[in-house]
Structures are given as C-alpha cells and as structure tokens.
Amino acid sequence: MALETMDGTGRTLTAAELADLLRTAIVSGELVPNQRLVEGDLAAEYGASRGNIRVALSELSVEGLVERVQNRGARVRSVSVEEAVEITEVRAALEALCARKAAERATDSDITELQDLATRMKDAVDRGDRESYSEGNQAVHEKIIAMSAQKTAASTIQRLRGQAVRFQFRLARQPGRPAVSLPQHLAIIDAVCAHDADAAAEAMRVHLESVADAIRASNK
C-alpha cells in the first residue's frame with residue numbers, strides 16, 4: 001500500500017517505510033515515552049494523509065511501540081523496568097535457540113566474520129570507545145540470529161528488542177559495562193565458532209540474563 005508521503009525526491013513512500021521512520025524516531029528517543037502522536041501533526045510533518053498515518057501507527061501498535069488511549073488517540077508506549085526485564089528474559093530463551101542453531105550451521109566465512117567482530121569489540125574496549133563497542137555488540141547478535149535461519153524467532157526478537165531498546169541503549173553506554181559484557185560476547189563467539197551448540201546456547205543465556213539483571217538494578 002503506497003502512501004502520499006514524499007521523501008524529498010518526489011518518490012512516494014510505502015506504508016512500511018513510513019512505519020520505519022516513526023519506529024526509528026521512537027527507538028532513538030526522538031519521540032519519547034508517553035508522547036502523544038497526533039495524526040494531524042504527523043501528517044503535516046511527513047506530507048502524508050491522516051489515513052495513511054493511521055495505518056503506520058496501527059502497525060507500530062501491533063509491535064508494542066505505540067498504544068492507543070481511548071478518547072486521547074495514540075502515544076509512544078512507556079515500558080516499565082519490570083517489563084523490560086521480562087522482555088529481555090524472553091529474548092534470552094529465543095536467542096539461546098538462535099545461538100544453538102548458529103553453532104550447528106556455522107560456515108568458515110561465518111566464523112571469520114564473528115572472529116573479526118570479536119577483534120573489533122576488544123579494540124573498542126581497549127580504546128574506551130563505547131559507541132563502537134555498542135555497534136559491535138549489535139552486529140554480533142544480528143549475525144548469530146541470521147546464521148540460525150530461525151525466521152520466526154528473528155521476527156519476534158526484533159519486536160521485543162524494539163520495545164526495550166531504550167533501556168539497553170542506556171545500559172550499553174554505562175561506564176564499565178563493556179568490560180562486563182565483552183567476555184560474555186567472546187564466550188558466545190568462541191562456542192559458535194567451535195560448533196559447540198550447548199555451550200553457545202548457555203553463553204547466550206548467561207549474557208542476556210546479565211543484561212536483565214543490570215536493567216533490574218538500574219531501578220534501585
């Protein structure tokens with residue numbers, strides 16, 4: 001379904017592309033929790049009809065990023081610390097499955113790519129470059145999920161990650177956090193590269209349970 005939204009070149013954006021723009025704004029914090037999403041304002045900003053904005057908001061509502069409040073319209077959904085912990089624990093189960101499958105399916109090129117990511121992450125920690133470390137962190141998770149070829153798990157993880165990403169974004173930039181999570185990522189990479197499915201699953205579970213514990217502790 002095409003929208004009337006224009007991207008500056010006169011090309012009409014699709015409904016998915018408009019939803020992507022709004023999703024990015026929510027995940028990045030440009031649109032903050034509980035912020036009202038007024039269809040008329042968004043239509044003016046993106047050059048889209050209110051009906052098309054409604055389609056995009058409905059998609060984000062299904063993903064859990066937007067909620068509709070009776071007689072008040074839509075707003076960015078606020079995720080509590082407790083819910084973020086629960087989301088991360090569910091991710092731990094799904095990503096452990098993906099790590100197991102990735103270890104079973106790893107090719108020589110996959111192993112080389114993961115080892116390169118491990119080197120980049122170690123270098124980032126040595127330099128104190130939290131931004132580069134965060135990028136490497138995300139790349140490792142995405143690579144392992146892709147290697148697993150578990151499409152249902154991948155789509156579910158993407159939705160869950162989007163809902164709790166603000167907590168993980170802050171966590172990744174906490175002083176000292178990379179030094180804690182680097183050995184966990186290296187353990188995951190080593191197990192996947194060794195085709196040790198049990199160790200890969202356990203290493204991923206331990207890592208994401210550590211993330212859940214850190215999010216829980218941030219509320220104390």
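**Helix packing and nonpolar cores in a predicted model**

Helix 4 passes helix 7 in a left-handed crossing. The two helices, residues 81-105 and residues 151-172, pack at an angle of about 145°. Their axes lie 9 Å apart. On the helix 4 side, the contact is made by V81, E83, A84, I87, V90, R91, L94, E95 and C98. Helix 7 contributes A153, T156, I157, L160, R161, Q163, A164, F167 and Q168. By class, the residues of this contact divide into 11 nonpolar, three polar and four charged.

The mean pLDDT is 88, with 93% of residues at 70 or more. Helix 5 (residues 108-127) has the highest confidence, at a mean of 97. Strand 1 (residues 2-6) has the lowest, at 43. Over residues 1-5, pLDDT stays under 50. For this stretch the model has 26 contacts beyond four places in sequence.

In soluble globular proteins, nonpolar side chains tend to be buried together. Here, the largest nonpolar core has 40 residues. Two or more residues each come from helix 4, helix 5, helix 6 (130-148), helix 7, helix 8 (177-193) and helix 9 (197-217). Helix 9 gives the most, with nine residues. Within the core, the residues with the most contacts are L114, I144, V192 and I215. Leaving aside neighbours within four places in sequence, L114 is in contact with K143, I144, M147, I189, V192 and C193. Another core, of 19 residues, lies apart from the largest one. Its members include L42, I53, L57 and V66.

N137 is found in helix 6. N137 counts as buried because its relative accessibility is 17%, under the 20% cut-off. Beyond residues up to four places away in sequence, N137 touches M121 and H185.

N219 is found in the segment after helix 9. With a relative accessible area of 46%, N219 is partly exposed; this value lies between the 20% and 50% cut-offs. Not counting residues up to four places away in sequence, N219 touches V81 and E82. N219 and V140 are 79 residues apart in sequence. In space, their C-alpha atoms are 27 Å apart.

Key:
Residues are numbered from 1 along each chain as its sequence is written. This is a predicted model: local features need pLDDT of at least 70, side-chain atom pairs count only at pLDDT 80 or more; totals for chains, interfaces and linings use all residues. Side-chain values use heavy atoms; hydrogens and water are left out. pLDDT is the predictor's confidence in each residue, from 0 to 100. Helices (H or I, at least four residues) and strands (E, at least two) are DSSP runs, numbered from the N terminus. Contact means heavy atoms within 4.5 Å. Axes are lines fitted to C-alpha atoms, for helices over the stretch in contact, and angles run from 0 to 180 degrees between N-to-C directions. A crossing is left-handed if the near helix is turned anticlockwise from the far one by less than a right angle, and right-handed if clockwise. Ala, Val, Leu, Ile, Met, Phe, Trp, Tyr, Cys and Pro count as nonpolar, Asp, Glu, Lys and Arg as charged, and the others, Gly among them, as polar. A nonpolar core is a set of buried Ala, Val, Leu, Ile, Met, Phe, Trp, Tyr and Cys residues joined through side-chain atoms within 4.5 Å. Buried means under 20% relative accessible area, exposed over 50%, partly exposed in between (1.4 Å probe, protein chains only).
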